Amino acid sequence: MKRILFSPLVFLLTLGCSGVQEPEFEPETNVLALMRIDNRPEHIYPWQLIYVDQSYDIQDTVNVLGVRGARVEITGGEDVYTFVDSFYNEDSLRWEKYAEGHYYDWPHPKLNDTTLYRLQVIYPDGDTVTGEAYMPSAIEISYPEDSQAISISQQVTNPLTITWNSCKNTLYYMIICKPDVDTSEYDSYPPFLFMPAIRGDTSYAYFQERMILPWVYDMYYVLRVVALSPEYADYFGLEGPGSDMGNLSGGYGMFGGISEDSIRVYIVP
Amino acid sequence: MIITVLFGASVHGRVLADKTEDPLFGCNVYLEGTQLGAPTESNGYYRITNVPRGNYTLVFSMIGFQTITKEITVGEDNVRVDASLKTEAVDVPGVVVNPRRTEFTEEVTTSAFRIDKELMMRSPAMLETDLFRMLLALPGVTFVSDFTSALYVRGGSPDQNLILLDNMALYNPFHFGGFLSTFMVDAVNDVEFLTGGFPAEYGNRLSSVLNVRSAAAEHSGGYISSSLLATEGALWGRAGDFSGILTARRTYFDKIIPLIFDFEFPYHFYDIHAVGTWEATPKTRIEATYFRTQDRLDLGEENIPLEFGWGNQLASVRLFQGMSEDWRCATWLGWSHYTAHLALSDFLEESDTIDDFTLKAEFVRDREASTTRFGVEGTYMKFIYKTDAEPFATYDIDGRPEYGAAYASWKWKPNPLFLLQVGVRFSLYNAVYPDTLRDSLTGDMTGIDTLALLAPEPELRVSAKYFVTPDDAFNCAVGNFYQNLAMILPEGGRIPTNFWIPVFGRYDPQQAIHFILGYEHLFADGSRIRVEPYYKHYFNLLAFNEEVDISDVDENIFSQGRGRAWGVDFGLDKLTGKLTGWISYTLAFSRFISDTAEFYTSFDRRHSFNVVSSYDLGKGWFVNAKFTFASGMPYAGTLGRYRMWYWDPIRQEWRYQWMTIEADRNELRFPPYHRLDIGASKKWVFKWGEMTVRADVVNVYNHKNVLLYYYDMSNEPPVQNKVSMIPIFPSLGIEVRF
């Protein structure tokens with residue numbers, strides 16, 4: 001009788017002792033393929049960079065970041081662009097490797113805003129990552145003009161307007177104005193004028209709108225306008241949390257594009 | 001006749017109070033010189049089974065009443081003997097005889113625990129003796145951390161527990177940090193805790209019922225006590241037909257520390273519990289209760305500008321009437337008020353206010369073999385829940401729900417072998433929300449459709465018990481339950497949150513169905529062993545959505561889905577003799593299932609094991625101990641990390657930041673929890689009263705139970721840090737009674 005009574009209990013105890021299996025970490029692929037489009041006609045050196053990486057166990061010390069030996073291609077129409085992790089150094093007359101996980105364009109892709117581009121990354125172990133995107137149009141600032149001197153007042157009612165051409169395949173625009181100094185001097189001139197996220201199909205912004213610069217220097221500034229493709233804007237978090245895994249099939253990461261133009265302006269206090 | 005031959009004849013009858021003719025509950029009735037006897041149940045009836053033929057002296061004994069004896073002769077037929085007991089002054093106020101045999105032979109409700117004051121007083125204390133800390137060690141109950149006394153019963157969340165004080169609902173009756181509940185033991189007469197399959201008189205909750213009954217004064221007296229945490233005092237007295245108890249408790253650090261140090265202690269709480277009784281006529285008794293608790297934490301403007309507090313208020317009047325020999329009725333009228341408030345500088349403000357106005361009436365007919373019960377109740381509620389965390393979330397929910405219910409139940413004991421209880425409950429929930437939901441983005445006020453939700457089907461409650469031998473019984477229970485409110489309970493929150501809202505908008509009332517099987521064995525000394533497998537199925541279960549879309553909060557503040565909870569409770573207790581205590585083991589599984597996800601709940605604790613013991617060394621010395629082992633709770637933790645690259649248009653360079661990869665919801669487990677508490681007390685008895693000194697040590701071997709993990713991502717590799725629960729903590733207390 002007691003055996004009958006307690007046998008279901010023993011069964012349930014056994015079931016309970018089996019417990020819950022803790023998940024084991026398995027690395028995932030991680031690719032960032034952000035194509036940069038600017039209005040310069042040609043680049044002599046490799047210009048586009050794709051990062052081929054993976055995820056890592058939270059408790060592991062990571063000595064080497066990135067993945068070598070992957071096959072990286074972007075296809076647009078009938079054009080196929082290969083990205084490589086090594087190059088032939090004509091000075092030393094030998095093949096040399098880029099930094100771990102860095103894949104540069106070879107040859108330089110000519111990107112336009114009407115072609116659907118497809119990314120394919122095949123990892124050394126056979127894992128494959130794919131993605132597709134349209135690129136933003138090349139952007140060009142139409143006003144102010146390069147090297148123009150402009151005057152800014154915090155109290156103006158009719159503020160200076162920055163204008164550019166409206167870009168296709170663009171979800172956000174960023175406007176940045178930074179002192180035209182060497183990178184090492186950036187920290188001496190904070191903060192910059194920074195309009196980080198104007199959403200939608202627009203082609204102008206008011207200069208001092210969202211201006212965080214409390215004063216201006218009597219010097220040259222670089223005024224830059226950046227168009228962000230929807231894929232990059234989403235990955236960058238501009239569309240809210242929850243989508244930072246990106247738009248690639250087969251792993252983390254993103255395939256998209258940005259388009260940049262910049263001019264020098266002289267700001268008169 | 002076959003039953004009589006198998007089990008012997010029975011001696012049965014009813015015991016009433018001589019003056020009031022009220023049924024006496026817990027009167028010991030036994031045959032002198034034998035091991036045969038039984039206490040009376042709540043309707044005054046008793047039954048002593050399996051009595052061999054012969055002549056006996058039948059003794060009726062109950063503290064507070066004169067003992068009487070009757071000579072009887074038992075033959076082949078059952079014998080009925082009734083008795084009326086006269087009151088007698090005694091020195092021990094409010095002590096109730098443990099009616100374990102009655103509970104076993106006459107009560108059919110499964111998963112029931114009845115705890116009297118004496119048992120509470122002998123249980124191990126942590127700073128102070130506490131009811132909820134005791135409940136946490138019972139079979140079927142688990143906890144999430146040392147910092148909350150919230151009860152997680154058989155895979156249910158704390159908001160699924162109906163907590164009643166004198167039959168009126170209370171919300172969150174425990175203090176900040178979870179050290180204590182708001183109930184002071186001396187103001188409590190007894191507690192009924194039903195962990196599943198509860199009868200039809202209880203509704204609007206899915207998991208369990210905790211009914212705390214206030215004590216009544218039998219004579220005059222009082223006490224004052226002090227521990228490291230609080231000072232407590234009580235007075236009670238009786239004058240003619242009137243009696244009353246006033247009990248109060250307050251922490252004192254916020255008053256004393258500023259006198260010694262240049263420091264304002266930021267926290268205090270207080271409790272007040274007052275009870276009055278008027279025996280208006282021999283058959284009419286009126287009782288009134290006032291209960292008030294308040295917690296307040298205010299870190300001030302100079303430190304972290306955090307202000308947090310909550311409190312309960314309850315006022316109720318109860319009328320008990322004996323209508324005839326068999327019929328009695330009771331009426332309850334009460335107001336229960338709950339408020340919680342959280343403010344973090346100007347960034348966040350969250351508040352919750354609930355007012356319940358309740359009227360209940362119940363009629364009971366006691367017959368020898370059956371008890372019929374039917375009643376009605378109606379509650380008008382005011383719920384105001386506000387969150388202001390601009391620009392992230394700002395909304396008001398202001399509702400006036402009405403809840404009404406009617407129920408009937410019938411308990412039948414056709415023979416000593418079988419007990420059956422059948423009940424049905426019909427409930428109505430009418431949620432009215434005039435234009436009171438403020439849109440978080442636009443600031444516009446919008447209304448929610450007025451809902452009239454009739455429970456789509458009656459709530460059926462059936463339980464039965466079958467006695468294999470006079471000391472062994474199988475029982476079972478099936479029931480369905482509805483609930484129309486929920487608590488905002490963030491997943492994995494080891495710190496209590498205290499904000500309730502009613503079911504509204506598109507959400508349906510939550511529903512659960514219980515299936516319980518049980519086996520019970522009662523030993524001769526009243527010790528009991530009990531095994532109860534159970535299965536609960538939830539429908540329309542609400543889980544707080546931590547990723548709530550603030551633009552549409554009424555539509556997605558909760559995820560609604562199904563749930564399953566199953567497991568086995570095992571309990572062995574011994575409540576008499578020098579060594580008392582219990583061993584409990586709970587095996588539990590708890591799953592939440594929605595259209596998009598299925599996961600173990602954050603309180604899915606697989607194993608809970610408790611040993612609670614107390615030993616009377618004599619000469620006023622008592623020692624006690626409590627050991628708890630519990631397997632790890634689930635949490636949503638970090639598994640991995642990856643680099644998120646981006647182009648920095650300011651510096652014109654590539655940069656990256658580390659992003660974490662989280663495990664699936666509640667996929668990881670904390671390490672097992674274990675803790676040993678010990679205590680000792682010494683009581684001195686004087687002519688004027690008695691004095692007790694008590695010493696306790698919490699977490700004797702200073703085990704660092706994990707409260708939560710977090711990663712320091714600035715290190716390579718990231719360092720996992722943990723926050724531990726309560727370390728070793730000694731405490732002292734003194735109590736003087738007069």
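B:Arg643 lies over the face of B:Tyr656, at 5.0 Å from the ring centre. A charge is taken to sit over a ring if NZ of Lys or CZ of Arg is within 6 Å of the ring centre and within 35 degrees of the ring normal. In chain A, A:Arg264 is placed over the face of A:Tyr220, with 4.1 Å to the ring centre. The model is predicted: local features need pLDDT of at least 70, side-chain atom pairs count only at pLDDT 80 or more, and totals for chains, interfaces and linings use all residues. Residues are numbered from 1 along each chain as its sequence is written, chains are lettered from A and ligands numbered from 1 in the order in which they are written, and side-chain values use heavy atoms, with hydrogens and water left out.

B:Tyr656 also belongs to an aromatic cluster. Over all chains, a search of the whole structure finds 43 aromatic pairs. Rings of Phe, Tyr and Trp (its six-membered ring) pair if their centres lie within 6.5 Å; planes under 30 degrees apart count as stacked, over 60 as edge-to-face and the rest as tilted. The pair A:Phe87 and A:Tyr98 is stacked, because the ring centres are 4.8 Å apart and the planes stand at 25°. A:Phe87 lies in strand E6 (residues 86-89) of chain A, and A:Tyr98 in the loop between strand E7 (94-97) and E8 of chain A, eleven residues apart. A:Phe87 is partly exposed, with a relative accessible area of 26%. A:Tyr98 is buried, at 15%. Buried means under 20% relative accessible area, exposed over 50%, and partly exposed in between (1.4 Å probe, protein chains only).

A further pair is found in chain B. The rings of B:Phe104 and B:Phe467 have centres 5.5 Å apart and planes at 80°, so this pair is edge-to-face. It links distant parts of the chain: B:Phe104 is in helix H2 (residues 100-106) of chain B and B:Phe467 in strand E31 (residues 459-469) of chain B, 363 residues apart. B:Phe104 is buried at 1% relative accessibility. B:Phe467 is buried too, with a relative accessible area of 3%.

Strand pairing joins the two chains. An open sheet of three strands has the order E3(A)-E43(B)-E44(B), with antiparallel pairing. Its edge strands, E3 (56-57) of chain A and E44 (653-662) of chain B, each pair on one side only. E3(A) is joined by two bridges to strand E43 (residues 638-648) of chain B, and these strands run antiparallel. Within E43(B), B:Gly640 stands opposite A:Asp57. Two strands pair if DSSP finds at least two bridges between them. Helices (H or I, at least four residues) and strands (E, at least two) are DSSP runs, numbered from the N terminus.

Chain A has two helices and 18 strands. Strand E2 (residues 49-54) of chain A is joined by three bridges to strand E8 (residues 102-106) of chain A, in an antiparallel arrangement. A:Ile50 has A:Tyr103 of E8(A) as its bridge partner. Strand E5 (residues 79-84) of chain A is also joined to E8(A) by three bridges, again antiparallel. Here A:Phe83 stands opposite A:Asp105. Of the 269 residues in chain A, 45% are buried. Residues 24 or more positions apart account for 68% of the chain A contacts with a separation of 6 or more. Contact means heavy atoms within 4.5 Å.

The largest nonpolar core has 75 residues. Such a core is a set of buried Ala, Val, Leu, Ile, Met, Phe, Trp, Tyr and Cys residues joined through side-chain atoms within 4.5 Å. The residues with the most contacts inside it are A:Tyr232, B:Phe132, B:Leu135, B:Phe183 and B:Phe193. E43(B) supplies the largest share of this core, six residues. Residues up to four places away in sequence aside, B:Leu135 touches B:Ile115, B:Val141, B:Leu151, B:Phe193 and B:Leu210. A second, separate core of 34 residues includes B:Tyr403, B:Ile488, B:Tyr507 and B:Phe558.

B:Val478 is located in strand E32 (residues 472-483) of chain B. This residue is partly exposed, with a relative accessible area of 40%. Beyond neighbours within four places in sequence, B:Val478 is in contact with B:Leu460, B:Arg461, B:Val462, B:His514 and B:Phe515. B:Val478 and B:Leu517 are 39 residues apart in sequence and 9.1 Å apart in space, C-alpha to C-alpha.
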